[in-house]
Amino acid sequence: MGINASTVVNTVAKIGFSLLILARITVSRLPSLYPAHKIIDVLIVVPNRIRIPKKELIFKLLSVKYKRIKLPLPDISLFEAARNILIKRNMLKIFGALKKDTLISARFILCYKKQLFDWYVATDDNFRNLYPNDLLPWKIMEWGIDNGYELFDFGGAGKPNIPYGVRDF
């Protein structure tokens, strides 16, 4: 047992006007945004709504994902503490994608100065065909533009020379 060092790529997108973002999205991602936009509703938890909607479901989605990718997931108390402290300080937003009344994806976004950090992502694998992981970053960047943010940090983009979807966004 020990620590193995490895090189990891990080992707930070400079966000600007919506049209500039649209121009930067690769052609392969555009078809997935249109149907997702028509089927999925996006919601944001704002500071005056402190309760995380369906928090147990969000944590269950996270648990399934982290088990599948074989990484440890912090205890739910981390997310509850973040909610209790950071949302009140306007430093955490939680975005969710809903199909009708079903939460199919959620993203925890840390907000600091002019930068958004994609902290944790949870998606129900049964709804991947709706492309919530393409739609949510787009909607978060739109929200970021409207609220004065300049950068979106995807929080890692895999290992060099190994294909990874975030780098294709």
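Are Phe152 and Phe154 buried or exposed? Please set the answer in the context of the aromatic pairs, the cores and the strands around them.

A: Both Phe152 and Phe154 are buried. Keep in mind that this is a predicted model.

Take Phe152 first. Its relative accessible area is 0%. The cut-off for a buried residue is under 20%, so Phe152 qualifies. Phe152 belongs to strand β6, which covers residues 151–153. In sequence, Phe152 and Cys111 are 41 residues apart. In space, their C-alpha atoms are 9.5 Å apart.

Now the aromatic pairs. Searching the whole structure gives 10 of them. In one, the ring centres of Phe79 and Phe108 are 5.2 Å apart and the planes meet at 50°, so this pair is tilted. Phe79 sits in helix α4 (residues 76–87). Phe108 sits in strand β4 (residues 102–112). Phe79 and Phe108 are both buried. Phe152 and Phe154 form an aromatic pair too, and this one is edge-to-face. Its centre-to-centre distance is 4.7 Å, with 75° between the planes.

There is also an aromatic cluster. Its members are Phe59, Tyr66, Phe79, Phe108, Trp119 and Tyr120. Phe79 and Phe108, the tilted pair, are thus both in this cluster.

Next, the nonpolar cores. In soluble globular proteins, nonpolar side chains tend to be buried together. The largest nonpolar core here has 16 residues. Those touching the most other members are Ile58, Leu62, Phe79, Leu92, Ile94, Phe108 and Tyr120. At least two core residues come from each of α3 (55–68), α4, β3 (92–99), β4 and β5. Helix α3 gives the most, with five residues.

β3 pairs with β4 in the antiparallel sense, over eight bridges. Within β4, Ile109 stands opposite Lys93. The two strands form a hairpin with two residues between them. There, Lys100 takes a positive phi near 60°.

Two other residues have a positive phi. One is Lys113, at about 50°, although it is not a glycine. Lys113 lies in the loop between β4 and β5. At 65% relative accessible area, Lys113 is exposed. The other is Tyr131, at about 60°, again not a glycine. Tyr131 lies in the loop between β5 and α5 (132–146). Its relative accessibility is 39%, and Tyr131 counts as partly exposed.

Now step back to the whole chain. The protein has six helices and six strands. From the N terminus on, the order of elements is β-α-α-β-α-α-β-β-β-α-β-α. Of the 169 residues, 38% are buried. Consider contacts between residues at least 6 apart in sequence: 68% of these join residues at least 24 apart. The exposed surface comes to about 10300 Å². Carbon and sulfur atoms supply 57% of that area.

Finally, confidence. The mean pLDDT of the protein is 75. A value of 70 or more is reached by 59% of the residues. Confidence is highest in strand β5 (residues 115–123), at 92. It is lowest in helix α6 (residues 165–168), where the mean is 50. Residues 46–52 have a pLDDT below 50. Even so, this stretch has 15 contacts in the model beyond near neighbours in sequence.

To return to the request: Phe152 and Phe154 are both buried, and they form an edge-to-face pair.

Technical notes:
Residues are numbered from 1 along each chain as its sequence is written. This is a predicted model: local features need pLDDT of at least 70, side-chain atom pairs count only at pLDDT 80 or more; totals for chains, interfaces and linings use all residues. Side-chain values use heavy atoms; hydrogens and water are left out. Rings of Phe, Tyr and Trp (its six-membered ring) pair if their centres lie within 6.5 Å; planes under 30 degrees apart count as stacked, over 60 as edge-to-face and the rest as tilted. Helices (H or I, at least four residues) and strands (E, at least two) are DSSP runs, numbered from the N terminus. Buried means under 20% relative accessible area, exposed over 50%, partly exposed in between (1.4 Å probe, protein chains only). pLDDT is the predictor's confidence in each residue, from 0 to 100. Contact means heavy atoms within 4.5 Å. A nonpolar core is a set of buried Ala, Val, Leu, Ile, Met, Phe, Trp, Tyr and Cys residues joined through side-chain atoms within 4.5 Å. Two strands pair if DSSP finds at least two bridges between them. Accessible areas come from the Shrake-Rupley method with a 1.4 Å probe; for residues, only the protein chains shown count as cover.
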